[in-house]
Amino acid sequence: MTSTTSTVAVVIPALNEAKTVGGVVRRVREVLPDAAVIVVDDGSSDGTGAVAQAAGAQVVTHGAPGGYSTALQDGFAAAIAGGAGQVVQLDADGQHRPEDIPLLLAELGHVDMVIGSRFTGASYDMSPARRAGIALCQVMVRACGLRVSDPTSGLRAMRAPIAADVAEHGFPDGLTESSYLIGLTRRGVSISEVPVTMHASASESMHDGFGGVLHFGRIVRASARAALRRGGHDS
């Protein structure tokens with residue numbers, strides 16, 4: 001895959017992140033002053049969109065929450081419509097460091113997608129259950145030929161054709177994580193990772209609580225199905 005322009009767009013899905021999104025947007029603009037910063041306000045009730053716009057972001061607004069994958073899809077569509085050749089996805093809650101984006105973009109010169117890994121950088125605390133789930137995902141993606149340590153990371157950079165495909169078709173099964181990466185690998189997309197530093201979320205995540213447990217269960221099940229699938233086109 002190749003892109004025809006080096007313009008960068010940073011897509012930030014956000015749900016009720018008014019306390020943190022402004023600072024995230026400003027830091028992105030400091031690190032990448034020429035990048036387009038696109039915040040997808042996924043039906044927030046706390047003024048997230050207004051805060052993001054005041055900080056200098058382009059805001060895509062959902063009237064009601066549509067979910068993380070839908071927010072990314074619409075953000076990617078806005079990025080592609082704006083002529084982006086490279087698209088970065090970044091969380092709005094302060095977990096991901098905008099200062100790490102140049103590391104991903106540098107690696108993107110060699111591959112189609114780059115993942116920011118919390119496990120090859122500084123230590124990252126998480127519950128034993130979540131760590132076990134990620135370990136299962138690691139095994140499944142590696143069985144499919146993808147050697148990455150953090151298949152559920154939400155910090156990624158990609159070339160425009162990958163983002164354009166999501167913009168048009170969405171994510172398979174509505175999942176952005178390891179089953180999606182398995183599908184990309186089988187389609188010949190080259191994926192690597194770089195070490196980054198991640199922090200605990202400063203606010204309620206779009207995947208927190210019992211809903212987050214169910215979501216992670218979906219990731220593991222979908223990854224297992226994708227890993228066991230033989231041949232064919234994952235879509």
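**Figure 1. Pairing of strands E1 and E2 in the predicted model.** Valine 11 has isoleucine 38 of E2 as its bridge partner, a pairing taken from a predicted model. The two strands concerned, E1 (residues 8–14) and E2, are parallel and share 6 bridges. Between E1 and E2 the chain passes through helix H1 (residues 21–31), and this β-α-β crossover is right-handed. Strand E2 spans residues 36–42 and is mostly covered, with 6 of its 7 residues buried.

**Figure 2. Pairing of strands E2 and E3.** Strand E3 (residues 58–62) runs parallel to E2, and 5 bridges join the two. Within this pairing, valine 39 has valine 59 of E3 as its bridge partner. Helix H2 (residues 48–54) carries the chain from E2 to E3 in a β-α-β crossover that is right-handed.

**Figure 3. The open sheet of 7 strands.** The strands follow the order E3-E2-E1-E4-E6-E5-E7, and their pairing is mixed. E3 and strand E7 (191–195) form the edges, each pairing on one side only. On average, neighbouring strands of this sheet are turned by 20 degrees against each other, direction ignored. Strands of a sheet pair through backbone hydrogen bonds, in either a parallel or an antiparallel sense.

Figure 4. Strand E5 (residues 113–117) is joined to E7 by 5 bridges, and the two run parallel. In this pairing valine 114 stands opposite serine 192 of E7. Helix H6 (residues 160–169) packs on the sheet and touches strand E4 (86–89), E5 and strand E6 (156–159). The direction of H6 makes about 95 degrees with that of E6. Helix H7 (residues 178–186) also packs on the sheet, where E5, E6 and E7 are touched. For H7, the angle between its direction and that of E5 is about 145 degrees.

**Figure 5. Salt bridge between arginine 27 and glutamate 99.** The model contains 5 salt bridges, one of which joins arginine 27 to glutamate 99, with 2.7 Å between the closest N and O atoms. This pair links distant parts of the chain, 72 residues apart: arginine 27 lies in helix H1, and glutamate 99 lies in the loop between E4 and helix H4 (101–107). Arginine 27 counts as partly exposed because its relative accessibility is 27%. Glutamate 99 likewise counts as partly exposed, at 33% relative accessibility.

**Figure 6. Salt bridge between arginine 97 and aspartate 100.** The closest N and O atoms of arginine 97 and aspartate 100 are 3.1 Å apart in this salt bridge. With a relative accessibility of 24%, arginine 97 counts as partly exposed. Aspartate 100 has a relative accessibility of 4% and therefore counts as buried, the limit for that class being under 20%.

**Figure 7. Salt bridge between aspartate 112 and arginine 159.** The side chains of aspartate 112 and arginine 159 meet in a salt bridge at 3.7 Å, N to O. The partners belong to distant parts of the chain, 47 residues apart, with aspartate 112 in the loop between H4 and E5 and arginine 159 in strand E6. Aspartate 112 is buried, since its relative accessible area is 7%. Arginine 159 is buried as well, with a relative accessible area of 15%.

Conventions. Residues are numbered from 1 along each chain as its sequence is written. This is a predicted model: local features need pLDDT of at least 70, side-chain atom pairs count only at pLDDT 80 or more; totals for chains, interfaces and linings use all residues. Side-chain values use heavy atoms; hydrogens and water are left out. Buried means under 20% relative accessible area, exposed over 50%, partly exposed in between (1.4 Å probe, protein chains only). Helices (H or I, at least four residues) and strands (E, at least two) are DSSP runs, numbered from the N terminus. Two strands pair if DSSP finds at least two bridges between them. A crossover is right-handed if, with the strands pointing away from the viewer, the path from the first strand over the helix to the second runs clockwise. Axes are lines fitted to C-alpha atoms, for helices over the stretch in contact, and angles run from 0 to 180 degrees between N-to-C directions. Contact means heavy atoms within 4.5 Å. A salt bridge is a side-chain nitrogen of Lys or Arg within 4 Å of a carboxyl oxygen of Asp or Glu.
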